[in-house]
Amino acid sequence: MSTAAPVLHGESPKAPPSYLQAGHTIKSWLLTGDHKRIAVLYLISVSVFFFFGSLAASMIRIELVSPRGVMLESDTYNKVFTAHGIIMIFFFLIPAIPAVLGNFLLPIMIGARDLAFPRLNLLSWYLYVAGGLCGVLAIAFGGVDTGWTFYTPYSSMYSNTNVTLTIIGAFIAGFSSIATGINFIVTVHKMRAPGMTWFRLPLMVWGSYATSLIIVLGTPVVAITLLLVVMERVFHIGVFSPELGGDPVLFQHLFWFYSHPAVYIMILPAMGVINEVITCFSRKRIFGYHFIAFSSLAIAGLGFLVWGHHMFVSSQSMYQGMVFSLLSYLVAVPSAIKVFNWTATIYKGSVRFQTPFLYVLGFMGLFVVGGLTGLFLAAMSTDVHLTDTYFVVAHFHYVMAGSNLIALLAGMHYWWPKMYGRLYNKKLAAISSALIFVGFNLTFLPQFVLGSRGMPRRYFNYLPQFQDLHVASTIGSWVLAAGLFLTAAYLLASFRQPKGMAANPWGGRTLEWETTSPPTTHNFEGQPVLQHGPYDYRPEPAAVGVKELAH
Amino acid sequence: MSTAIPSAHAHAEGGQTPFLQHHFREMSQQFDAAKIGMWLFLVTEVLLFGGLFVGYGIMHARHPEAFVAAHHHLDKTMGALNTVVLLISSFTMVLSVWAAQTSRKKLLVLFLLLTLACAGTFMVVKYFEYSHKFHEGLLPGKYYSHKGDTVPGQFLFFSFYFMMTGLHGIHVLLGMAAIAWLVWRALKGHFSSLYYAPVEITGLYWHLVDLIWIYLFPLMYLIS
């Protein structure tokens, strides 16, 4: 049954068409069960939301050029930053890497034909779009002004904006990510190819698995919490409003029980991408495979025990605060393990500074700054001063926005040839990666200084002495925007390039590079059987898998 | 989640049925995947209701007199009757799974219909309970209009009563739809010892719906 020959690269004349060629009708896309096509659908829709989220961000930055505002009314400003937060978190950061790269790669990386539940996967995309439409309609009908955190009792009793519709959107999008999470967990457990043991899984799979655990355990709690807010608005049920006998801090506990782990939902798949790219472009086996794999699970586990650090100043007892503070410090340990392992992987590797690797270096810089400033906020005595200042804004943009976005770009540049069979203009790619890195830091480094000097977040006006730093931040946002537009331009232009590209342009040594680029609908010809684990970057590596011609 | 499209591998190997989906290697893999998927879904359900149970517990602790006074408006007999009905339905569901596993088509249809009947009875009892509450003005939040209360704040209890039993009721209705679909497929002869995953995982779901009621009944009807 099994032959010793490695899986052949390239297309032979009788090979079946790639997943992109297998049907050209709109119906063949909108009713597809193919995880790769669903990933492309997600990529398009996530990009649209990212564009609108960024548009809101640049409106905020332009508004803050002057201490007295430029073009927005104060209540419009509240709606714009709320729209920015809700779109970016619920409709971009949470789905981006799992639903695009994870969806595309997870089955191929483990040698499966598809995710365990293809129709559930398609349903998750429709739920995502439905949730997103609710969010868009809420903005079109006049917007929301609660901030993305929907703090009660303002959101539940007093705000007369479209809170209900927005929450319904977030609620539906939550079920979309639950569907993806369940699908990933089952797929990793049951769909692995023969020979693909747990410790032969590429680390991207470990990251996606850990993220899925958080999604499955956290999202239902925020779903019911948001539903309670809607009920409070409609029926005045009294659970979160003190004048009715309720408890507003209960909302914060329930909300952050999900929303703090949600930060790790965003970062764990990002770290997974970094693992794959760093080892490929260092031409060296990843350092400390087991430590990286288990640190993902450790982050997922610890992530559920730290939500109280969002409530150091909201009536939480001091002793509770101390416990949450200590546990928050502990998250730094598995995070640092990863960073040290990546550094050790690069050390004495044959580093090739291709675009994906440039993004990896950017990721490590941003993640270290974001992670270390997190320790300032986990310490209660400093947090009392820094709560709700620009320091917090800068911190979470470094860890969840910057790191996530840059990891997504690293992954997109690494797997773009795999997804579409085409290469992009590498010179422009290098330039835009530099623009994005410089732009991001210019935008958010000044915000650390602003925050430590007392600039509160979400304020429409500010004291004149903060203007210089605000202007620097706004200029940074323009540099960042220029880099992103350039990226979009050359990636789209790559579709005009001829396809004659090697199936494995980077010399990757994981299973997804052992099939054609782009892959066929069934991913592999026959069933791959794994001979050894990933990342064999010796000069003359052994074949990762051999194929068994099943069926 | 677990339904299958008849695929080209219908007669590929011994022990396979037309319900093996194209991306699975064998029936046991497909069965295990469906089962793990359902268990994970049940975890999310527990956490979904968990948020409400936490809210209920905290509100109960803050307003103990109001909750005890309000719960006297509930009819313990009706609640107990519904508990018994659901327990019986779980038993008939177990028998349905057994009938499917042993390829007893007629018994499978019979037990599924019995389960459906119990679920229907539960909803009818719930309907009478709800109408009574509506009539008395025992409604959630600002719609609460019951006259003659001596303890204030009883609307909070009914906020949780309607949210928790309401969400549970929606789950019963969804379960009834799933069981009706199983009846239809059973009549078409889809299920046998080779393929019974949909019956099994619907059974898992049904037991959880039952279990949630087992917790709701004492929490709502029997507090002191």
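How many residues does helix 9 of chain A have, and how far does helix 9 reach from its first C-alpha to its last? Select residues 289–303 of chain A: there are 15 residues, and they reach 21 Å, close to the 21 Å expected at 1.5 Å a residue. (The expected span is 1.5 Å times one less than the number of residues; helices, H or I of at least four residues, and strands, E of at least two, are DSSP runs numbered from the N terminus.)

Before moving on, some ground rules. This is a predicted model, where local features need pLDDT of at least 70 and side-chain atom pairs count only at pLDDT 80 or more, while totals for chains, interfaces and linings use all residues. Residues are numbered from 1 along each chain as its sequence is written, chains are lettered from A and ligands numbered from 1 in the order in which they are written, and side-chain values use heavy atoms, with hydrogens and water left out.

**Stop 1: around helix 9**

Stay on helix 9 and colour its buried residues, among them Tyr289(A), Ile292(A), Ala293(A), Ser296(A) and Ile299(A). (Buried means under 20% relative accessible area, exposed over 50%, and partly exposed in between, with a 1.4 Å probe and protein chains only.) An α-helix has 3.6 residues a turn, so residues three or four places apart point the same way. Now show helix 7 (203–235), helix 8 and helix 10 of chain A, which are included in what covers those buried residues.

**Stop 2: the nonpolar core**

Next, pick Leu101(A), Trp342(A), Phe363(A) and Phe157(B): of the 231 residues in the largest nonpolar core, these touch the most other members. (A nonpolar core is a set of buried Ala, Val, Leu, Ile, Met, Phe, Trp, Tyr and Cys residues joined through side-chain atoms within 4.5 Å.) Helix 8 of chain A, residues 248–281, gives the most to this core, with 22 residues. Zoom in on Trp342(A), whose contacts (heavy atoms within 4.5 Å) include Met271(A), Ile274(A), Ile292(A) and Phe363(A), leaving aside residues up to four places away in sequence. There is also a second, separate core of 13 residues, including Ala56(A), Ile60(A), Leu72(A) and Tyr390(A).

**Stop 3: the second largest pocket**

Select His260(A), His309(A), His310(A), Leu377(A) and His395(A). Of the 48 residues lining the second largest pocket, these lie nearest its centre. The space here is about 1200 Å³. (On a 1 Å grid over the protein atoms alone, a pocket is an open set of points with protein on both sides within 12 Å along at least five of seven lines, a cavity is a set where a 1.4 Å probe fits but cannot get out, and lining residues have an atom within 4 Å of a point. Points are joined across faces, edges and corners, and a volume is the space filled by probe spheres set on them.) Helix 8 of chain A turns up again, giving the most to this lining with 10 residues. By class, the lining has 31 nonpolar, 13 polar and four charged residues. (Ala, Val, Leu, Ile, Met, Phe, Trp, Tyr, Cys and Pro count as nonpolar, Asp, Glu, Lys and Arg as charged, and the others, Gly among them, as polar.)

**Stop 4: the closed spaces**

How many cavities of 30 Å³ or more does a search of the whole structure find? Two. For the largest cavity, with about 170 Å³ of space, show Phe90(A), Ile94(A), Ala173(A), Gly174(A) and Ser177(A), which lie nearest its centre among 20 lining residues. Helix 6 of chain A provides the largest share of that lining, seven residues, and the lining has no charged residues.

The second largest cavity holds about 70 Å³. Its lining includes Lys79(A), Thr82(A), Phe91(A) and Gly135(A), and helix 3 of chain A gives the most, with six residues.

**Stop 5: a few single residues**

Go to Asn121(A) in helix 4 of chain A. Asn121(A) is buried, with a relative accessible area of 1%, and touches His35(A), Ile38(A), Asn103(A), Leu115(A) and Asn183(A), not counting residues up to four places away in sequence.

Then look at two cis peptide bonds: Thr152(A) to Pro153(A), with omega near 0°, and Ser517(A) to Pro518(A), with omega near -5°.

Finish at Arg283(A), in the loop between helix 8 and helix 9 of chain A. Arg283(A) is not a glycine, yet has a positive phi of about 50°; this residue is partly exposed, at 24% relative accessible area.
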